[in-house]
Amino acid sequence: NNLFKEITSYTGWTLFGQISTVSRNQGLTILVNQFFNPIVVASRSIALNIGNHIGVFANNFNTSLYPPIIKSYSSGNRNEMFSLIYNGSRLAFFLMWVISLPMLLELEMIFNIWLKETPPDSILFTRFTIIESLILSLSFPLTTAARAPGKMKTYELTLGIIQISIFVVSWIVLRMGGPAYSVFLVAIIANILMFFVRLFIVRNLIGIPVKGFMTKVAFPVLGIAILSAI
């Protein structure tokens, strides 16, 4: 009975997290469709499509980290687990960064080659989408580590509420006359918030030091990203 309850709880809260993410994405598409013309909607679809394809590399890499992180947690080897999370976060980001940086700089040329007529907002939307994906990539191993203890309620409920709030805040901003790109800005700010929320929740779940993650992952990654962009 206890095992069944644990499995049901784990599956149920994970499903809630996935549903909240899908609902947010589909809700924003409907929202943009209600406030703007079909060209803006098409521009957003193009941007999301490119963002999803760029994220495939980091997602596939994170999938390979799942077994060793779970194994090191189960065996009580905290140092090995933390090392996997630190290295995994850095590598996941850089796998995306080596593709994202040239695209961020040369999107106009890429769109001119790819499309005969580039929708007006598609380049700006794509840049914002790539930035959001880069922020998310830092959290991939943290997401994996959060699943190791099997206690998903706090994690999925908190992040799910933030995901849903993206839709609510975006609706308020658009109702106040905000431009179409404000939807992306809201999502970027929410992803930065979710990064820190995720980090503190994972600290409570597995004991990973927040300061250690910031000094070994976030600050070095940010420094290298700024220098390489310059």
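Arg 24 is buried, since its relative accessible area is 8% (buried means under 20%, exposed over 50% and partly exposed in between, with a 1.4 Å probe and protein chains only). The model is a predicted one, in which local features need pLDDT of at least 70 and side-chain atom pairs count only at pLDDT 80 or more, while totals for chains, interfaces and linings use all residues. Residues are numbered from 1 along each chain as its sequence is written, and side-chain values use heavy atoms, with hydrogens and water left out.

Arg 24 belongs to helix H1, residues 2-35 (helices are DSSP runs of H or I with at least four residues, strands are E runs of at least two, and both are numbered from the N terminus). Its side chain makes two polar contacts, one with the side chain of Glu 132 at 2.7 Å and one with that of Gln 163 at 3.4 Å. Such a contact is a pair of N or O atoms within 3.5 Å; within protein, one must be able to donate a hydrogen and the other to accept it, and residues adjacent in sequence count only if both atoms are side-chain atoms. Beyond its neighbours within four places in sequence, Arg 24 is in contact (heavy atoms within 4.5 Å) with Glu 132, Gln 163, Ile 166, Ala 187 and Asn 191.

After H7 comes Gly 207, with a positive phi near 85°.

Phe 35, Ile 164, Phe 167, Val 168, Trp 171, Ile 172 and Met 176 make a nonpolar patch of about 650 Å². Helix H6 (residues 153-175) supplies its largest share, five residues. Met 176 lies in the loop between H6 and H7 (182-206) and, at 70% relative accessibility, counts as exposed.

Val 98, in helix H3 (residues 78-114), is also exposed, with a relative accessible area of 58%. Its C-alpha atom is separated by 34 Å from that of Ser 75, 23 residues apart along the chain.

Methods:
Patch = residues over 30% accessible without salt bridge, like charges linked within 9 Å, V, L, I, M, F, W, Y side chains within 5 Å. Areas by Shrake-Rupley, 256 points an atom, 1.4 Å probe, with all protein chains shown as cover. Salt bridge = Lys/Arg side-chain N within 4 Å of Asp/Glu carboxyl O.
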